[in-house]
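Welcome, and thanks for opening your viewer. Could you walk me through this structure, telling me what to select next and what is there?

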Amino acid sequence: MKILIMHGPNLNLLGERERSIYGEATLDDINDRLSKLAKELGVEIEFFQSNHEGALIDKLHQARDFDAIVFNPAAFTHYSIALRDAVAAIKTPVIEVHLSNIHAREEFRANSVIAPVARGQISGFGMQSYLLGLRAAIEVGKEIRRTKE
Ligand code: DQA
């Protein structure tokens, strides 16, 4: 089983960016924890971060051979119809994750244009959102493999 982890804009600055909201962990710290969990659970994992909408769209289009994607679209969550359409266009299921609880912050963050086309959303658990997202992605991947048998 292969899972793709995608990080959107500004997440490369984790650890120095708005630490009271996003915590002290850097993106490498998060990816390391994800790698450890993936190893424990016996799945392959790949990481992709970009600050560019088009690069994220291209990566989604190329993600055919992954069983599922864990995606933090960051600020694009709230307005990128192009990313939403890319998620809707591909067969690979997408689990949307957020470090902060987007429903408990500014009003504009409560709306996700990705959520209606995602398999589900995990929001508000800090680094654990990604780890829960990985577990959800594996379960969704298994479910899809079973229905193909
Ligand atoms: C975020 C929440 C978004 O609103 C914000 O633009 C981010 C990070 C999160 O992980 O909590 O960049 O996706």
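On this tour, two residues are in contact when heavy atoms of theirs lie within 4.5 Å. One thing to keep in mind throughout is that the model is predicted.

**Stop 1: a helix pair.** Select residues 27–41, helix α2, together with residues 127–148, helix α6. Their axes come within 10 Å and cross at roughly 30°. Angles under 35 degrees count as roughly parallel, and α2 and α6 are therefore roughly parallel to each other. The crossing in which α2 passes α6 is right-handed.

Now show the side chains where the two helices meet. From α2, pick Asp29, Ile30, Arg33, Leu34, Leu37, Ala38 and Leu41; their partners in α6 are Met127, Gln128, Tyr130, Leu131, Leu134, Arg135 and Ile138. Coloured by class, this contact shows 10 nonpolar, one polar and three charged residues.

**Stop 2: Leu131.** Stay in helix α6 and centre on Leu131. Is Leu131 buried or exposed? Its relative accessible area is 6%, so Leu131 is buried. Leaving aside neighbours within four places in sequence, Leu131 is in contact with Arg33, Leu34 and Leu37. For a sense of scale, draw a C-alpha to C-alpha distance from Leu131 to Ala115: the two are 16 residues apart in sequence and 18 Å apart in space.

Stop 3: In soluble globular proteins, nonpolar side chains tend to be buried together. Here, the largest nonpolar core has 25 residues, and Ile3 and Tyr130 are those with the most contacts inside it. To see where it draws from, select β1 (2–7), α2, β3 (68–72), β4 (94–98) and α6, each of which supplies at least two of its residues. Helix α6 gives the most to this core, with six residues.

Zoom in on Tyr130 next. Not counting residues up to four places away in sequence, Tyr130 touches Ile5, His7, Leu11, Ile30, Leu34, Val70, Asn72, Val97 and Leu99. Then move to a second, separate core, which has 18 residues, including Ile57, Ala86, Ile90 and Ile114.

**Stop 4: Glu16.** Finish in the loop between β1 and α1 (19–22), where you will find Glu16.

Technical notes:
Residues numbered from 1 in each chain as written. Predicted model: local features only at pLDDT ≥ 70, side-chain atom pairs only at ≥ 80, totals over all residues. Heavy atoms only, no water. Axes fitted to C-alpha atoms, helices over the stretch in contact; angles between N-to-C directions. Helix = DSSP H or I, 4+ residues; strand = E, 2+ residues; numbered from the N terminus. Parallel < 35°, antiparallel > 145°, perpendicular 65-115°, else oblique. Left-handed = near helix turned anticlockwise from the far one by under 90°. Nonpolar A, V, L, I, M, F, W, Y, C, P; charged D, E, K, R; others polar. Core = buried A, V, L, I, M, F, W, Y, C linked by side-chain atoms within 4.5 Å. Buried < 20%, exposed > 50% of the residue type's maximum accessible area, 1.4 Å probe, protein only.
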